[in-house]
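My notes follow in the order I made them.

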Amino acid sequence: PIMGCCGSAEAQGQAPEQKGARPQKSKPMPMAFAVMRNCHEAVRAGLKECQEAADAGDIKMLKERYAELSRCIDTHAKMEDHGFFPFLNKTFDDALNKGGVGELHEHDDELQTKLKKAIEGGNDDDILAAFKTWKEDHLSHLVKEEKVAGPLVPKYAKTLGRDPIKMGAAFNEYVLKPEAVQDLDFFAGYCTGMLSKHGSQKQDGFTAMRVFAVGLQYGTTPEQWRLALPEIKKAVPADMYKKLVDEFDIEADGKQVRAV
């Protein structure tokens, strides 16, 4: 789950203002690594919807919401485990392992296994208890990853001059490993749908979704983007999608010509 953008304007997908220039509405700067951070926000939204179902005693809805959320997390974890985390550890002197991030996924897998077994068992109280334990742990898991990994991506982006194409190329190479793109279409649709509906901790629904979608466009090949875009179009409200087309050229090809 990253973490690419924390705090700074660049990190949040906004173009930095030029000193001395007349104030004007600047074009947001695409940042492929923001896909990782805003996926965390989509996961938080998914957990919120699961909790709402649990609070309503709607176990059927809880199971449906969890199945979708778990599928998203599975792809996100593959992005981290197979590429993103090894890349950050190599680039920043084993920082994630030193910060205790490396052990988070194994523990999460254990708690999700218990939840899935409870779902199979069919006892509502067991399901609710297992969900509560996993949800609380996963929320702290997200925070820990953001705290440790979050500051590293802007540092790396600075070495690339914060160039959107160069950052996208790094994302494509280090994050979109073969294991991570097998379900990329669902992942893109789920995250953009959740973000457009719920927003993030610091961004409204359109902005959170746009940062993710445009970031992914800049980090994918044309072939990869053609898989993801139809799911985004289905997941996002029509007025928001029209704005993506009109203002951000979202239907143009993915920006990375290098195949994974």
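I began with Phe187. Leaving out residues up to four places away in sequence, I find that Phe187 touches Val35, Cys39, Cys72, Thr75, His76, Met79 and Phe212. I keep in mind that this is a predicted model. Phe187 is also among the residues that touch the most other members of the largest nonpolar core, which has 77 residues. Phe33, Leu88, Trp134, Phe171 and Leu216 share that listing.

Helix 2 (residues 59-91) packs against helix 8 (residues 184-198) at an angle of about 115°. Their axes lie 9 Å apart. The crossing is left-handed. From helix 2, I list Glu68, Leu69, Arg71, Cys72, Thr75, His76 and Met79 in the contact. Helix 8 contributes Leu184, Phe186, Phe187, Tyr190 and Cys191. I sorted the residues of this contact by type: 8 are nonpolar, 2 polar and 2 charged.

Then I turned to helix 7 (residues 164-174). Which of its residues are buried? I note Met167, Gly168, Ala170, Phe171 and Asn172. Their cover includes helix 1 (34-55), helix 6 (152-159), helix 9 (205-219) and helix 10 (222-235). I also checked where helix 7 starts. There, a side-chain oxygen of Asp163 comes to within 3.0 Å of the backbone nitrogen of Ile165.

Arg37 sits in helix 1. Its relative accessible area is 12%, so I call Arg37 buried, the cut-off being under 20%. The side chain of Arg37 makes a polar contact of 3.4 Å with the side chain of Glu146.

Glu41 is in helix 1 too. Is Glu41 buried or exposed? I read a relative accessible area of 5%, so Glu41 is buried. Setting aside neighbours within four places in sequence, I find Glu41 in contact with Leu195, Ser200 and Gln201. I also looked up the C-alpha distance from Glu41 to Gln203, which is 9.8 Å. In sequence, these two residues are 162 residues apart.

My last entry is Asp93. I place Asp93 in the loop between helix 2 and helix 3 (95-98). Asp93 counts as exposed because its relative accessible area is 57%, and the cut-off is over 50%. The side chain of Asp93 still has a partner: I find a polar contact of 3.0 Å with the side chain of Lys98.

Conventions: Residues are numbered from 1 along each chain as its sequence is written. This is a predicted model: local features need pLDDT of at least 70, side-chain atom pairs count only at pLDDT 80 or more; totals for chains, interfaces and linings use all residues. Side-chain values use heavy atoms; hydrogens and water are left out. Axes are lines fitted to C-alpha atoms, for helices over the stretch in contact, and angles run from 0 to 180 degrees between N-to-C directions. Helices (H or I, at least four residues) and strands (E, at least two) are DSSP runs, numbered from the N terminus. A crossing is left-handed if the near helix is turned anticlockwise from the far one by less than a right angle, and right-handed if clockwise. Contact means heavy atoms within 4.5 Å. Ala, Val, Leu, Ile, Met, Phe, Trp, Tyr, Cys and Pro count as nonpolar, Asp, Glu, Lys and Arg as charged, and the others, Gly among them, as polar. Buried means under 20% relative accessible area, exposed over 50%, partly exposed in between (1.4 Å probe, protein chains only). A polar contact is a pair of N or O atoms within 3.5 Å; within protein, one must be able to donate a hydrogen and the other to accept it, and residues adjacent in sequence count only if both atoms are side-chain atoms. A nonpolar core is a set of buried Ala, Val, Leu, Ile, Met, Phe, Trp, Tyr and Cys residues joined through side-chain atoms within 4.5 Å.
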